Amino acid sequence: MAAAPDDKAIAKNLPFRAGLLLGLTVIIGVGFVLYVLWARGVFEATQRLTLVSDNAEGVSIGMDLTFSGFPIGRVYRIELGDDGRARIDVRVPLKDARWLKKSTIFTLERGIVGSARIRAFTGNLQDESLADGAERPVLRGDTSEEIPRMVASLRSVLQNLEDMTGSTGSLQASLGNVKTVTERLAGKGGVLAAALGSDEDAKKVLLAIDHANTLLSRMGGVAQRLDGVLAKADDRLFGNGGVVDGTQRAVDQANALLGEVRESLKGVDRILADAQAVSGNAKAASRDLSALRAEVDASLRKVNSLIDEINRKWPFNKGETQIRLP
Amino acid sequence: MDTPEHAAHAIRWFEAWGHAARFALAAAAAALSRETYSAATRAVAVRQIYFTAWQLLPGFTVFSAVLSLLVIQITVNAARAYGLSDYALELVFRVLVLELLPFGTALIVALRSGSAISAEVALMHASGELEAMRAQGIDPLKREFVPRVVACALSVAALTVITCAIALVLAYIAMYGVSPWGFAPYTREVAGVFSIAILAGFILKSMTFGVVVAGIPIAAGLEANANLKSAPIAVMGAMVRLILALAVIEFVSLAVKYA
């Protein structure tokens, strides 16, 4: 109607244009269909390969079988076998079948992202070729199946870690102990305090050593005076047997005691050297120190009692010759 | 008071679909009859192809190429960014080539030629031209309508094939550049997506789109009466039903493919 004048103007080459368009369409369409058929391997000779798996999840028809990252075959069919195992029928073009040998291993892997992959690994390319229609088991690896297991073990590891590092954990307690020891090491008592457990004990040990030193020096004085006294006594009172005898005994005892004290003080010197050198055997030193302290105390008590005895037996000049312990 | 009007409306709606279905059956029967194919009907068909496909071709080709390029670039780049470039081509094929382009083509042809056909038939009906034809012993169905339906189906198929071919080429270039070495992986992707069933479904869907694009407007145009004012209403009803039908076909196709 309205388009009638136009129709006449273009009427000449109308069929040609329509034919051109339809011809182009047919050529493209048929060409594409042939291309798809060729791409799908319809015109290609293939050989069959059946892969047997306990689970064909993620496998789809048309999926590639890859070798060294290159697709060499395609899944043609998936079915459940009589034994309850999945049978994956793969068609491999003959030109690509040379990569598949008798020793070839097939794997079916599922990643977190994407579909499953079937891969072939051939270790020895000189091996005998895989026959048409061969049936092979497929090894399966599934990342999504691994995840729950991994999470479970990770959780127990984290729990252990938390137990160790928590406020009541053993690691925390150990660190607390280390801190106390280092504080003591840095404190007044130094290694001794760290070894003995407290500053007070360390002070006592140091005091005992000081006392022992003082005692030693006084003992030297006492021994000299005693020698002098004995000389006098020898001169003056040699005849008086009772006094001389008693004094002689006392002096013998004193000498023996002084020997003991000297031994003890040698021990003190040794331990002092150990302690002051901040050696690693601080603990052993502390054990020795307590034993030594007891020894020193015992020696001092013995000396004390001896001096008391001397004072008691000393008949002359009481005020001058009074022997005092430090 | 409203209810009888609604009921009448609903009845008219069903009647309209009934007309369309009856017309489709009659047209299919006529298309199978040999006497439908004469020089006169061929001339009608050729003219319809010219108006529907040839005139539309340059503009629509450019439009669909730009749209395709956009979708392809977005898909390929996004897939690369996420490390999923293996799936980019499959996505382009499935979304663009198999769904968007056929549906877009059918929609454009429906808006352009469907409305024109509907109006033309309504005016032929109103002006008594169809009656005159029948009086001369010419069946308007065979002479005017079936050639248009066939021509529309061919036009939609042609436009779809050409735009899809352009999209396939653009997808190759976007993915691999102009290098010939992408051909093997590209072929593998094509083989993976276009199975025989998918191809058959694609062809069937395109043909259905083409038939519906002409068939529903003609059936709607025949509903017009001698009053010229009934023509716009007929055209409106044709377009509503046509777009609804296209959507239903697309949904059914998707459901069959992916559900």
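Student: In what order do the strands of the closed barrel in chain A run?

Tutor: The order is 1-4-3-2-6-5-7, seven strands of chain A with mixed pairing. From one strand to the next, the twist averages 35°. This is a predicted model, in which local features need pLDDT of at least 70 and side-chain atom pairs count only at pLDDT 80 or more, while totals for chains, interfaces and linings use all residues. Residues are numbered from 1 along each chain as its sequence is written, with chains lettered from A and ligands numbered from 1 in the order in which they are written.

Student: What makes strand 1 and strand 4 of chain A a pair?

Tutor: Two strands pair if DSSP finds at least two bridges between them. Strand 1 (residues 46-53) and strand 4 (residues 86-93) of chain A have eight, and they run antiparallel.

Student: Where does a positive phi occur in the hairpin of strand 2 and strand 3 of chain A?

Tutor: At A:Ser68, with phi near 55°; two residues lie between the strands. Strand 2 (residues 64-67) and strand 3 (residues 70-80) of chain A pair antiparallel over four bridges. A:Thr66 is partnered with A:Pro71 in strand 3 of chain A.

Student: Why is A:Gly111 called neither buried nor exposed?

Tutor: Count the other C-beta atoms, placed from the backbone, within 10 Å: 20 or more is buried, 12 or fewer is exposed, and in between is partly exposed. A:Gly111 has 13, so it is partly exposed. The residue sits in the loop between strand 5 and strand 6 of chain A. A:Asp142, 31 residues away in sequence, is 6.7 Å away, C-alpha to C-alpha. Over chain A, buried residues make up 20% of 326.

Student: Why is helix 4 of chain B called roughly parallel to helix 8 of chain B?

Tutor: The axes of helix 4 (residues 88-127) and helix 8 (residues 196-221) of chain B come within 6 Å and cross at roughly 20°. Under 35 degrees counts as roughly parallel, over 145 as roughly antiparallel, 65 to 115 as roughly perpendicular, and the rest as oblique. That makes helix 4 of chain B roughly parallel to helix 8 of chain B. The crossing is right-handed (the near helix is turned clockwise from the far one by less than a right angle). The contact residues comprise 16 nonpolar, seven polar and one charged.

Student: Which residues count in the contact of chain A with chain B, and how many are there?

Tutor: Two residues are in contact if their C-beta atoms, placed from the backbone, lie within 7 Å. Chain A supplies 17 residues and chain B supplies 21. Helix 2 (residues 14-39) of chain A gives the most to the chain A side, with 12 residues. That side divides into 11 nonpolar, three polar and three charged (nonpolar means Ala, Val, Leu, Ile, Met, Phe, Trp, Tyr, Cys and Pro; charged means Asp, Glu, Lys and Arg; the others, Gly among them, are polar).

Technical notes:
Axes are lines fitted to C-alpha atoms, for helices over the stretch in contact, and angles run from 0 to 180 degrees between N-to-C directions.
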